[in-house]
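The following exercises concern a single protein chain. Each task is followed by a solution in steps.

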Amino acid sequence: MTAALRRAAKQAHLIAYQTGTGVVEQRNGKMGVYAPDPQMYEDLIPAPFVESSEA
């Protein structure tokens, strides 16, 4: 179950980044809306397309 929650959190941060919204999190016992953490979603973004140099 922990792995599923981690995947859901990563997806939530990616969607928040893509839509320009915040992520609701609990920090120090208080709920708040925070900017998405890039470390959470960097591995979900595909690498940019690079053309092959071979002809």
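**Exercise 1.** Determine how many salt bridges this predicted model contains, and state which side chains form them.

*Solution.* The criterion is a side-chain nitrogen of Lys or Arg within 4 Å of a carboxyl oxygen of Asp or Glu. By this rule there are two salt bridges. One joins Asp-43 to Lys-10, with an N to O distance of 2.8 Å. The other joins Glu-25 to Arg-27, at 3.0 Å from N to O.

**Exercise 2.** Explain which parts of the chain are tied together by the pair Asp-43 and Lys-10.

*Solution.* First, locate Lys-10: this residue belongs to helix H1 (residues 2–19). Next, locate Asp-43, which lies in the segment after helix H2 (38–41). The pair therefore ties together parts that are 33 residues apart in sequence.

**Exercise 3.** Classify Asp-43, Glu-25 and Arg-27 as buried, partly exposed or exposed.

*Solution.* Buried means under 20% relative accessible area and exposed means over 50%. Asp-43, at 53%, is exposed. Glu-25 has 19% and is therefore buried. Its partner Arg-27 has 37% and counts as partly exposed.

**Exercise 4.** Describe the fold pattern and compare the radius of gyration of the chain with that of a compact globule.

*Solution.* The chain has two helices and two strands, arranged along the sequence as α-β-β-α. A compact globule of 55 residues would have a radius of gyration near 10 Å, whereas the chain has 15 Å. The C-alpha atoms fill a box of roughly 60 × 30 × 15 Å along the principal axes. Of the 55 residues, 16% are buried.

Technical notes. Residues numbered from 1 in each chain as written. Predicted model: local features only at pLDDT ≥ 70, side-chain atom pairs only at ≥ 80, totals over all residues. Heavy atoms only, no water. Helix = DSSP H or I, 4+ residues; strand = E, 2+ residues; numbered from the N terminus. Buried < 20%, exposed > 50% of the residue type's maximum accessible area, 1.4 Å probe, protein only. Rg over C-alpha atoms; globule rule 2.2 N^0.38 Å.
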